[in-house]
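Q: Can you walk me through this structure? Keep it short, please.

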Amino acid sequence: MKSSSKENMILKLALLISSILYFVLSYFIKREDSILLFSSIAMLFAAYFCIISRSDISERSFLILIASAFFFRFIFSLATPALSDDFYRFIWDGRLAASGLNPFSYLPDDVANQSLLSGSENLELYAKMNSQHYYSVYPPVLQLLFFISGKLSFGSNFVAVLILRVFILCAEFGTFYFLKKILEHLELSKSKALVYLLNPLVIIELSGNLHFEGVMLFFITASFYYLLINNLLYSSIFFALAVSTKMIPLILLPIIVKSVGLKKGGIYALIVTFSSALIFLPFIDRQLISNIGSSVGLYFQKFEFNASFYYLFRWIGYQLSGYNEIGIIGKVLPIISLIFILIISLKDSIKDINYVFFNKIIQIFFVYYLCSMIIHPWYVSFLVLISVFTRSRFAIIWSLLIFGSYLTYSTLPYNENIIVVGLEYSTVLAWFYCEKKGLKFTQIFH
């Protein structure tokens with residue numbers, strides 16, 4: 001009895017500390033405040049580990065923890081995102097669409113130079129945007145959400161942020177709904193959902209910093225659930241919605257086709273293609289493909305951040321030629337990634353949508369990320385979600401370590417610390433290797 005009372009006290013203390021820290025992170029800490037940021041993150045993860053390492057969560061405690069998970073998200077409701085400035089482009093695209101302009105057809109520079117958007121609020125967006133010289137790359141589902149925020153915010157950036165955050169919060173509720181149904185179908189403990197719902201990176205980056213992986217994860221979780229119950233029509237439609245939110249789920253099509261069989265898989269892929277085309281239809285014009293293509297091309301041949309193998313190849317390139325071979329490496333790495341993704345997807349049979357299926361998905365995304373030139377913290381949220389259905393926990397370790405990438409913003413001009421990046425990836429790769437070897441210490445989390 002005393003032991004149970006002590007554990008409940010620890011649980012309450014962890015939730016109280018987390019509430020205070022999320023409030024401080026929401027309204028008082030900026031991304032350049034390294035010491036405050038990392039100490040807060042460390043304490044949040046300590047509380048998180050304390051909770052998810054428990055194996056005796058009662059029904060009452062589970063409900064309290066679920067309520068706490070969404071309470072933590074609501075703490076950010078009135079806050080301006082502090083760790084990312086991507087949201088300025090979200091609002092900008094919404095204002096363009098609300099003004100009757102196709103956001104895929106206009107560079108922010110051109111809009112500003114031609115005064116197509118006026119007002120101090122829009123000037124603020126342009127000044128603080130990190131993508132003034134690039135066409136929008138955000139797919140139609142996001143553009144619809146941006147458009148709604150542009151229509152309903154009445155020119156207020158604060159209201160636009162609030163509306164966008166409501167969309168993400170609603171998506172997170174939906175993710176929890178389907179997460180719980182998948183766990184029930186797989187006959188796994190519903191308390192495993194806490195691995196995702198209480199994860200500090202997921203809470204901070206999605207609800208806090210307005211990254212729309214939260215909406216994509218809702219659609220992909222719904223798609224997986226309907227795939228599990230063999231409703232391929234609903235699954236393919238939700239998959240198309242996921243792709244039309246963030247393009248990255250496309251790399252999962254081969255393993256889905258493999259898992260349901262070639263005939264059904266072919267029909268599935270056709271429905272995804274047709275549905276995605278319908279969703280893109282309102283935005284299609286003569287310049288759409290070339291404009292998006294130019295921005296995506298720049299993404300793969302100009303930008304670099306918190307990468308792993310790319311930095312190794314970049315160093316080799318410097319030794320051989322004396323300069324950064326990003327143009328070549330940016331073309332080769334996606335090919336390497338695609339080859340390994342196909343090998344993982346097509347190797348061995350998948351008789352049911354179960355642990356093996358989800359474990360392969362984790363491997364696919366891990367390979368993709370290892371071969372990417374840019375890995376922002378919120379990217380790892382997908383791996384955290386899928387780890388709920390497996391025994392893999394390296395993504396949880398990564399969700400903590402990847403916050404080290406924010407050290408880049410502690411100085412002006414921004415300067416990435418390669419030692420920190422090296423420690424991040426060497427630790428994650430070591431943990432992944434130990435999991436593959438079945439070492440027991442990797443299963444310390446629930």
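This is a predicted model: local features need pLDDT of at least 70, side-chain atom pairs count only at pLDDT 80 or more; totals for chains, interfaces and linings use all residues.

Q: Where is tyrosine 27 found?
A: Tyrosine 27 sits in helix α1.

Q: OK, charges next. How many salt bridges are there?
A: The count is eight salt bridges, taking a side-chain nitrogen of Lys or Arg within 4 Å of a carboxyl oxygen of Asp or Glu. In general, side chains of opposite charge can pair when their charged atoms come close.

Q: What does arginine 31 form a salt bridge with?
A: With aspartate 85. The closest N and O atoms of arginine 31 and aspartate 85 are 3.8 Å apart. This pair links distant parts of the chain, 54 residues apart. Arginine 31 is in the loop between α1 and α2 (34-52). Aspartate 85 is in the loop between α3 (59-75) and α4 (87-98).

Q: New topic: helix packing. At what angle do α20 and α21 cross?
A: The axes of α20 (residues 394-401) and α21 (residues 418-436) cross at roughly 170 degrees and come within 9 Å. An angle over 145 degrees counts as roughly antiparallel, so α20 is roughly antiparallel to α21.

Q: Which residues meet there?
A: From α20, they are Phe394, Ile397, Trp398 and Leu401. In α21 they meet Glu424, Tyr425, Thr427, Val428, Trp431, Phe432 and Glu435. By class, this contact has eight nonpolar, one polar and two charged residues.

Q: What about the backbone? Which peptide bond is cis?
A: The bond from leucine 412 to proline 413 is cis, with omega near -5 degrees. Proline 413 lies in the loop between α20 and α21. Most peptide bonds are trans.

Q: And what is phi for glutamate 187?
A: Near 60 degrees, a positive value in a residue other than glycine. Most residues other than glycine have a negative phi. Glutamate 187 is in the loop between α8 and α9 (194-197).

Methods. Residues are numbered from 1 along each chain as its sequence is written. Side-chain values use heavy atoms; hydrogens and water are left out. Axes are lines fitted to C-alpha atoms, for helices over the stretch in contact, and angles run from 0 to 180 degrees between N-to-C directions. Helices (H or I, at least four residues) and strands (E, at least two) are DSSP runs, numbered from the N terminus. Angles under 35 degrees count as roughly parallel, over 145 as roughly antiparallel, 65 to 115 as roughly perpendicular and the rest as oblique. Contact means heavy atoms within 4.5 Å. Ala, Val, Leu, Ile, Met, Phe, Trp, Tyr, Cys and Pro count as nonpolar, Asp, Glu, Lys and Arg as charged, and the others, Gly among them, as polar.
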